[in-house]
Amino acid sequence: MLDSLIPSSPTLGSLLAKLRRERPLVQCITNYVAMNTAANVLLAAGASPAMVHAEAEAAGFARLAAALTINIGTLSPSWVEGMRGAAKAAQTSGKPWVLDPVAHFVSPFRRDVVAELVALSPTIIRGNASEIIALAGQANHGSGADSGDSVAAAEAAARELARRHKAVIAVTGEIDFVTDGARASHIYGGSPLMPQVTALGCSLTALIGAFAAVSPDDTFTASLAALALFAVAGERAARSAAGPGSFSWQFLDALAALTPEALDAEARIVDL
């Protein structure tokens, strides 16, 4: 399969350059564990993060932001109200928004919240293989927020979800997969150290939102750009990291140092 790797489209580098020029404001409703990491990832990439989740202001802020991302990692009733209001506001104002349905299958509360959010037409859904399989209504082997299924096992479910909801579906794992129901690609790269650093997956959701903000008319390519940037930065950081601790800060440095030209040269994508 690796023999079929093709160079990435220059569009990815162009999107990174555009993101850094425009510095889109990205509203992140995410979990307690991920807030700091997600904010730092967006800053390193060139975007502007805003961790706004309170019911009293979430909807109003979503109308101002360039994109919204919602991660359900640490749910509470008050946060759900903020999520609901922000998603409705993004939908009605035509802003792209990204849903990360963390472990949505583990409790009726989570299942109900995600069902309601999916009904508000997320532009992009990003999850691990077990989350995507479960979202399609199929049996999965997930354990909490950890996937027990391979990305390959989730690809058919992702395609079906993309067609059903008219959304881009990104399944992340050892080899990422993204589809809009018609187009599909694999993204290679990253590092085995990445799953050992908490909140990196949640931060990828925020980064996808940043790229969607600067490419709202082609959120498939926006998702590819975010996944490829993450993968290349992960490969670069792993070269000198001694373990997950040093990998964490070196990953942020790699994100900040990556140029559009380097992204085009080093991203490894297979169109399916």
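What follows is a talk about cysteines, aromatic rings, backbone angles and pockets.

Mentor: A word on the ground rules: this is a predicted model, in which local features need pLDDT of at least 70 and side-chain atom pairs count only at pLDDT 80 or more, while totals for chains, interfaces and linings use all residues. Residues are numbered from 1 along each chain as its sequence is written, and side-chain values use heavy atoms, with hydrogens and water left out.

Trainee: How do you know that Cys-28 is in no disulfide?
Mentor: A disulfide is a pair of cysteine sulfur atoms within 2.5 Å. By that rule the count is zero disulfides. For Cys-28, the nearest cysteine sulfur is that of Cys-202, 11 Å away.

Trainee: Why is Cys-202 called buried?
Mentor: Buried means under 20% relative accessible area, exposed over 50%, and partly exposed in between, using a 1.4 Å probe and protein chains only. Cys-202 has 18%, so it is buried. Cys-28, with 3%, is buried by that rule too.

Trainee: What makes the pair of Tyr-32 and Trp-79 tilted?
Mentor: A pair of aromatic rings is described by the distance of the centres and the angle of the planes. Rings of Phe, Tyr and Trp (its six-membered ring) pair if their centres lie within 6.5 Å; planes under 30 degrees apart count as stacked, over 60 as edge-to-face and the rest as tilted. Here the centres are 5.0 Å apart and the planes stand at 45 degrees, so the pair is tilted. Tyr-32 is in the loop between strand S2 (25-29) and helix H2 (35-45), and Trp-79 is in helix H4 (residues 77-93), 47 residues apart. Helices (H or I, at least four residues) and strands (E, at least two) are DSSP runs, numbered from the N terminus.

Trainee: Is each of those two residues buried or exposed?
Mentor: Tyr-32 has 58% relative accessibility and counts as exposed, whereas Trp-79 has 6% and counts as buried.

Trainee: What makes the pair of Phe-230 and Phe-251 edge-to-face?
Mentor: The planes are 75 degrees apart, with 4.8 Å centre to centre. Phe-230 lies in helix H9 and Phe-251 in helix H10 (residues 244-257), so the pair ties together parts 21 residues apart in sequence. Phe-230 is buried at 6%, and Phe-251 is buried at 1%. Ring pairs also link Phe-230, Phe-247 and Phe-251 into a cluster.

Trainee: What is noted about the phi of Ser-121?
Mentor: Phi of Ser-121 is near 60 degrees, a positive value in a residue other than glycine. Ser-121 sits in the loop between helix H5 (108-118) and strand S6 (124-127). At 40% relative accessibility, Ser-121 counts as partly exposed.

Trainee: Which residues lie nearest the centre of the largest pocket?
Mentor: They are Arg-126, Thr-172, Met-194, Pro-195 and Gly-201, out of 36 lining residues. A pocket, on a 1 Å grid over the protein atoms alone, is an open set of points where a 1.4 Å probe fits, with protein on both sides within 12 Å along at least five of seven lines; lining residues have an atom within 4 Å of a point. H8 gives the largest share of this lining, four residues.
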